[in-house]
Amino acid sequence: MAVIEAQGLRKVYGRRVAVGGLDLEVPDGGGVFGFLGPNGSGKTTTIRMLLGLIAPSAGRATVLGVTPGPALHRVMPRIGAIVESPALFPAFSGRRNLELLGRIQGVGPKAVEAALARVGLADRADDRVTKYSLGMKQRVALAAALIKDPELLILDEPANGLDPQGMKELRDLVKSLGAEGRTVLVSSHLLTEIQLMCDRVAIIQGGVRVTQGTVEDVLALGRPNGLLARVADPTGAIAILGAAGVSAAVVGGAGDQIRVDLPHDAGARVSELLATSGVYLHELVADEVDLETVFLELTRRGPQIP
C-alpha cells in the first residue's frame with residue numbers, strides 16, 4: 001500500500017488552477033521522497049489537501065490509507081508535518097512551545113527533550129522565539145513534527161532560512177530519519193539539496209506531475225552522461241576522436257575543455273585514442289547530469305514516464 005496516493009487531484013481558486021489533476025504515489029517502506037517544483041508550482045497546495053487543511057476541487061487522495069477529511073484524525077498521531085511558516089508563540093521559549101504542543105498531543109517532556117536534541121536546539125531551547133533566526137524557527141517546527149515519533153513526516157520547504165551548514169545538518173537529519181524506516185516527504189524548490197537527500201522524487205510544474213521515480217531513473221531521463229576532457233589542443237582532439245567515430249565538442253568558456261559523448265567507463269578508450277596521436281589529457285572527469293538540468297529539460301518536453 002502506498003503511504004500517500006493521489007489521483008487526478010485538483011484545486012481551483014476562481015479562475016486560477018493551483019493544482020491541475022495531479023497523480024502522485026509515495027511508496028511504503030521508508031526513505032526520503034522529494035516533491036520538487038519551482039515556487040508557485042502547487043507543492044504547498046497539494047500538501048494542504050493531503051493533510052485535510054483544504055478540500056480538493058476534484059480527484060481523490062489517501063494518506064496512510066485514509067481519505068483526507070473527517071476520518072483523517074484516525075491516522076494523525078502517525079503523521080508529523082511542517083506546512084509553510086511555523087506557527088509559534090514568539091514570547092515563549094522553544095521548549096515551552098513544544099511542551100504546550102506536547103500536552104495537546106499527549107506527549108511528555110522526554111519526547112520534547114529528545115526532539116530538541118535531535119534538531120540541534122538543546123542549548124538554545126530556553127531562549128524566547130523572538131530571539132531565534134528564521135533557520136532556528138524552522139528547527140523548532142521540525143522538532144514539533146518529531147515529538148510524536150511519526151512514521152510519516154511531511155516537510156514543506158524545511159530548508160527555508162538555513163545557511164549552508166544548516167542545510168547540510170538538515171540533509172543529514174532527514175536522511176537518518178528515512179533510514180530508520182520512516183517515510184519523509186520533502187517539498188522543495190532547491191533541486192541540488194533534494195538530489196543529495198532523496199531516494200525517489202516527483203517533479204511537478206503548474207500543478208501537474210512531470211515525472212516520478214527513483215533519483216537514478218529521473219536522472220536517466222536527462223541527456224546521456226558523457227566525459228569532460230581538458231587538453232591543450234581541443235580542435236585536434238576533436239578531430240582525432242571524430243576519425244575514430246567518437247563525437248566531441250568544445251564546452252565551457254575557457255575553450256580548453258571538450259565533452260565526449262561516451263559512457264563514464266570509456267575513459268581509457270579516450271585516453272588511448274588521444275595519446276596514440278600525441279595529444280595528452282590534462283584532466284578527464286565524468287560529466288554528471290544533475291536534477292536541475294533534468295528538471296529544465298523535462299519541463300520543456302512535458303510529462304515523462306521513467
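1. In this predicted model, helix H2 passes helix H3 in a right-handed crossing. The residues that make the contact are Arg95, Leu98 and Glu99 on the H2 side, and Val112, Glu113 and Leu116 on the H3 side. Sorted by class, the contact of H2 with H3 holds three nonpolar and three charged residues, with no polar ones.

2. The geometry of this pair is as follows. H2 spans residues 94–105 and H3 spans residues 109–118; their axes come within 10 Å and cross at roughly 135°. That angle makes H2 oblique to H3, because an angle counts as roughly antiparallel over 145 degrees and as roughly perpendicular from 65 to 115.

3. A further helix pair is formed by H4 and H5, the latter covering residues 164–179; the two pack at an angle of about 10°, and their axes lie 13 Å apart. Angles under 35 degrees count as roughly parallel, and H4 and H5 are therefore roughly parallel to each other.

4. Which residues of H4 meet H5? From H4 they are Arg139, Leu142 and Leu146, and their partners in H5 are Gly166, Glu169, Leu170, Leu173 and Leu177. The contact of H4 with H5 divides into five nonpolar residues, one polar residue and two charged residues.

5. Turning to open space, the largest pocket has a volume of about 490 Å³. Its lining comprises 24 residues, and those nearest the centre of the pocket are Ala81, Ala87, Leu101, Ala141 and Ala144. By class, this lining consists of 18 nonpolar, four polar and two charged residues.

6. Where in the fold does the lining of the largest pocket come from? At least two residues each are supplied by strand E5 (79–82), by H2 and by helix H4 (134–146). H2 gives the most to this lining, with six residues.

7. For the largest pocket, the corresponding figures are 18 nonpolar, four polar and two charged.

8. The largest cavity contains about 50 Å³ of space. Its lining is formed by Pro158, Ala159, Met167, Leu170, Val186, Ser188, Leu190, Glu193, Ile194 and Met197. By class, eight of these are nonpolar, one is polar and one is charged.

9. The elements that give two or more residues to the lining of the largest cavity are H5, strand E7 (183–188) and helix H6 (191–197). H6 gives the most, with three residues.

Methods
Residues numbered from 1 in each chain as written. Predicted model: local features only at pLDDT ≥ 70, side-chain atom pairs only at ≥ 80, totals over all residues. Heavy atoms only, no water. Axes fitted to C-alpha atoms, helices over the stretch in contact; angles between N-to-C directions. Helix = DSSP H or I, 4+ residues; strand = E, 2+ residues; numbered from the N terminus. Left-handed = near helix turned anticlockwise from the far one by under 90°. Contact = heavy atoms within 4.5 Å. Nonpolar A, V, L, I, M, F, W, Y, C, P; charged D, E, K, R; others polar. 1 Å grid on protein atoms, 1.4 Å probe; cavity = no way out; pocket = protein on both sides within 12 Å on 5 of 7 lines; lining within 4 Å. Points joined across faces, edges and corners; volume = space filled by probe spheres on them.
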